[in-house]
Amino acid sequence: MADFSQQRDNFNQSPAGINASADLTDTKGESWWLEYAFSGLVWGFALATAGVLFWMSWIIFKDAYPAIEKFGLPFLWSTQWNIGELQFGALPFIYGTLVSSAIALLIAVPLGLSAAIVTSENFLPIWVRSPLGFLIELIAAIPSVIIGLWGIFVFIPFLLPFQQWLFDHFGWFPLFSTEPFGPGMLPAGIILSVMILPTIAAISREVLLAIPIDLRSASMSLGATRWETICYLLVPAGSSGIIGAIILALGRALGETMAVTMVIGNSIQINGSLLAPGYTIPAVLATQFREALELLHIGALMYLALILFLITLLVNFIAALLIQLIGIKAIKN
């Protein structure tokens, strides 16, 4: 009878010259220089990206310094914008940027999330879901100037009767207290919502598709309905990715230029009515920068650019913080 215990001992013996406790992650060897070269290349690209960011910040700050020195922080809440007298204030443009972006998010978030749910779940046949998702994503490929032209010649005439109806029936309410004439804050917000809708829908769809099908089956096997599974399981599970999609969309809404410039009306006056025209920071940069001759005028425009830059950084910082908090909460649960 064969001695199986002896054979087992032979198999357990390591071959001569081989260390049984060898570290497989050890990078020392013939190609060690490739490891260090690749690490150096990655670090170089990362530092270059950060360097470009600081470089851009420095250029904007340097050009904005004359206005910063002249107006200081009161520039943020001043409403004057008189090129002839070289008196400048940022509040009308900050107000228009934030309000138009808020309108866009209020419209695009529920529509985009709904489109993501419909195209990721099996409510519709696959031959309907795939083309529908493709068509929604295709909106992102339309140039903003084309959307702006569509807004001027098609959308604003279409929306004007509805704006007039809002003024006739709800003119007592501050948000609809101005008689509309076409371009305004509400059309600009709706145009922005069309532009950011594909970002929210496409990313949210991919996030929902990444959730394992077993979670859906387990939830419904415990008695949950389809909508309870979606609302209480899928959306919370993908909340970090959905928030990331919303923040990316907000970043585009804050920085959108041509389409908003063509439909918002470009009025420096602050008006609480959504039917009145307004102005945004990207719009004033696009319309006035080429004609800016005075050093203080150029500095005021660059000051506005710096403010927009800081607003975008603040929004991204808040988004990153929210995603981290959601991740920590998910780990604890």
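This is a dialogue on how to read some features of a predicted model.

Colleague: What should I know about the numbering and the cut-offs before I start?

Modeller: Residues are numbered from 1 along each chain as its sequence is written, and side-chain values use heavy atoms, with hydrogens and water left out. The model is predicted, and local features need pLDDT of at least 70, side-chain atom pairs count only at pLDDT 80 or more, and totals for chains, interfaces and linings use all residues.

Colleague: How many helices and strands does the protein chain have?

Modeller: Helices (H or I, at least four residues) and strands (E, at least two) are DSSP runs, numbered from the N terminus. Here the protein chain has 12 helices and 2 strands. From the N terminus on, the order of its elements is α-α-β-β-α-α-α-α-α-α-α-α-α-α.

Colleague: What share of the residues counts as buried?

Modeller: Buried means under 20% relative accessible area, exposed means over 50%, and partly exposed is in between (1.4 Å probe, protein chains only). Of the 333 residues of the protein chain, 36% count as buried.

Colleague: How are two packed helices described?

Modeller: By the angle between their axes and the distance between the axes. Axes are lines fitted to C-alpha atoms, for helices over the stretch in contact, and angles run from 0 to 180 degrees between N-to-C directions. Take helix α3 (residues 91–120) and helix α6 (residues 185–210): their axes come within 5 Å and cross at roughly 40 degrees.

Colleague: Which hand does the crossing of α3 and α6 have?

Modeller: A crossing is left-handed if the near helix is turned anticlockwise from the far one by less than a right angle, and right-handed if clockwise. The crossing of α3 and α6 is right-handed. In the contact of α3 with α6, the residues divide into 23 nonpolar, 9 polar and 1 charged. For that count, Ala, Val, Leu, Ile, Met, Phe, Trp, Tyr, Cys and Pro are nonpolar, Asp, Glu, Lys and Arg are charged, and the others, Gly among them, are polar.

Colleague: Where is Gly96, and is it buried or exposed?

Modeller: Gly96 is found in helix α3. It is buried, with a relative accessible area of 1%. Gly96 and Gly189 are 93 residues apart in sequence, while their C-alpha atoms are 9.9 Å apart in space.

Colleague: How many salt bridges does the count come to?

Modeller: A salt bridge is a side-chain nitrogen of Lys or Arg within 4 Å of a carboxyl oxygen of Asp or Glu. By this rule there are 3 salt bridges. In one of them, the side chains of Arg216 and Glu121 meet at 3.0 Å, N to O. Arg216 lies in helix α7 (residues 213–221) and Glu121 in the loop between α3 and α4 (126–138), so the pair ties together parts that are 95 residues apart in sequence. Arg216 counts as buried at 9% relative accessibility, and Glu121 counts as buried at 5%.

Colleague: Which residues make the nonpolar surface patch?

Modeller: Patches are made of residues with over 30% relative accessible area and no salt bridge; like charges are joined within 9 Å, nonpolar side chains (Val, Leu, Ile, Met, Phe, Trp, Tyr) within 5 Å. Ile142, Val145, Ile146, Leu149, Trp150, Ile152, Phe153, Val154 and Met258 make a nonpolar surface patch of about 760 Å². Its largest share, 7 residues, comes from helix α5 (residues 144–170). Val145 is found in helix α5 and counts as partly exposed at 36% relative accessibility.

Colleague: What is phi of Leu86, and what is phi of Asn266?

Modeller: Phi of Leu86 is near 55 degrees, a positive value in a residue other than glycine. Leu86 is found in the loop between β1 (81–82) and β2 (87–88). Phi of Asn266 is also near 55 degrees, and Asn266 lies in the loop between α10 (258–263) and α11 (281–288). Leu86 is partly exposed at 23% relative accessibility, and Asn266 is partly exposed at 28%.

Notes. Areas by Shrake-Rupley, 256 points an atom, 1.4 Å probe, with all protein chains shown as cover.
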